[in-house]
Amino acid sequence: MASEGARTDRLGLLLDQFDQAREMAQVRLTGLGDEEYLWEPVAGCWSIRRRGEAATPRAYGPGEWVLDKGAPDIPASEYAEVARQAAGGMTVAKIADDWSVSAERVEQVLAHTGTPEPDETPVATIAWRLAHLHSCFAGQWEWTFGERRQEPKQLVDFTPSAALALERFWALVDRWRGSVAAVTDAQLDTVGFSQYPYGSDPDNPFIAVLAGANLEFIHHMAEIALLRDLWRARFTTGG
């Protein structure tokens, strides 16, 4: 049964989806403390770390704390996306630039057949997933609705305080949502309406960018919710 007042226009559907996901995420993040926020359930987690203590080669951020980022590659979970990019007309060189990998690596992915390779994406803390989302939304807002000039990796001052991180994150999310709500039908169909430099935004109509942003928000918030469940159960033993 359809919800009363549910919108059926293209933008309305995406906004309603985002609003519902945001509401569920905010409930699930209530009560998040600093220890849980930074908890590393296994060795080798990606997280936020003090500058100089990062264990990854491309960790970034403008302040004392930086966000882990590893050497560029295309994870197995993104092979289908690379295939879609190629099918949509992107050249191998452009795809390679998009993922910051070599053209040879793109050719390997496009030639891949058979059983998918295991996805070796590192386990990440709640702090990393929240900071990653914050960085993405801040960059996409700047390069869509802002001045389109600031380096996305320098827009978010990462913090070890869960409360401060959430306060800043929800404010940024609300700014994004407010700007998206004013987009016209013509802008939804405009290729390159978003010029966010880390990804395929400049090559896609904005409606596809919005759908991708919603998916990014939903899947990372689902992972955060699971980490919260594991945190609560970490000392529980089966019997």
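The following dialogue discusses how to read selected features of this predicted model.

Reader: On what basis are the features reported?

Author: This is a predicted model in which local features need pLDDT of at least 70 and side-chain atom pairs count only at pLDDT 80 or more, while totals for chains, interfaces and linings use all residues. Residues are numbered from 1 along each chain as its sequence is written, and side-chain values use heavy atoms, with hydrogens and water left out.

Reader: How many helices and strands does the secondary structure of the protein chain contain?

Author: Helices (H or I, at least four residues) and strands (E, at least two) are DSSP runs, numbered from the N terminus. Here the protein chain has nine helices and two strands, in the order α-α-β-β-α-α-α-α-α-α-α along the sequence. Its radius of gyration is 19 Å, close to the 18 Å that the globule rule gives for 239 residues, so the protein chain is as compact as a globular protein of that length. The radius is taken over C-alpha atoms, and the rule is 2.2 Å times the number of residues to the power 0.38.

Reader: What percentage of the 239 residues is buried?

Author: Buried means under 20% relative accessible area, exposed over 50%, and partly exposed in between (1.4 Å probe, protein chains only). Buried residues make up 40% of the 239 residues in the protein chain. As for contacts (heavy atoms within 4.5 Å), residues 24 or more positions apart account for 66% of those with a separation of 6 or more.

Reader: Which residues have the most contacts inside the largest nonpolar core?

Author: In soluble globular proteins, nonpolar side chains tend to be buried together. A nonpolar core is a set of buried Ala, Val, Leu, Ile, Met, Phe, Trp, Tyr and Cys residues joined through side-chain atoms within 4.5 Å. The largest such core has 45 residues, and Tyr 37, Trp 170, Trp 176, Phe 217 and Met 221 have the most contacts inside it. Two or more residues of this core come from each of α1 (10–28), β2 (65–67), α6 (126–142), α7 (162–181) and α9 (206–232). Apart from this core lies another, of 11 residues, including Ile 74 and Met 90. Beyond its neighbours within four places in sequence, Met 221 is in contact with Ala 25, Leu 29, Leu 130, Leu 133, Phe 169 and Trp 170.

Reader: Where do the buried residues of α5 fall, seen down its axis?

Author: The arc is that of the directions from the helix axis to the C-beta atoms. In helix α5 (residues 103–111), the buried residues are Arg 105, Val 106 and Val 109. They fall within an arc of 100 degrees and therefore line one face of the helix. These buried residues pack against α3 (79–87) and α4 (92–99), whereas the face turned away from the buried side carries the exposed residues Glu 104, Gln 108 and Ala 111.

Reader: Which side chain does Ser 47 join through a polar contact?

Author: A polar contact is a pair of N or O atoms within 3.5 Å; within protein, one must be able to donate a hydrogen and the other to accept it, and residues adjacent in sequence count only if both atoms are side-chain atoms. Ser 47, in the loop between α2 (34–37) and β1 (48–50), is buried at 1% relative accessibility. Its side chain is joined to that of Thr 125 by a polar contact of 3.0 Å. Arg 129 belongs to helix α6 and is buried, with a relative accessible area of 12%; its side chain makes a polar contact of 3.3 Å with the side chain of His 220.

Reader: In which loop does Tyr 198 lie?

Author: Tyr 198 lies between α8 (185–188) and α9 and is partly exposed, at 39% relative accessible area. A polar contact of 2.8 Å joins its side chain to that of Glu 151. Tyr 198 and Asp 97 are 101 residues apart in sequence and 9.3 Å apart in space, C-alpha to C-alpha.

Reader: What is the phi of Arg 148?

Author: Most residues other than glycine have a negative phi. Arg 148 has a positive value, near 55 degrees, and is found in the loop between α6 and α7.

Reader: How many disulfides does a search of the whole structure find?

Author: A disulfide is a pair of cysteine sulfur atoms within 2.5 Å. The search finds zero. The sulfur of Cys 45 is 19 Å from the closest cysteine sulfur, in Cys 136, which is too far for a bond. Cys 45 is buried at 4% relative accessibility, and Cys 136 is buried at 16%.
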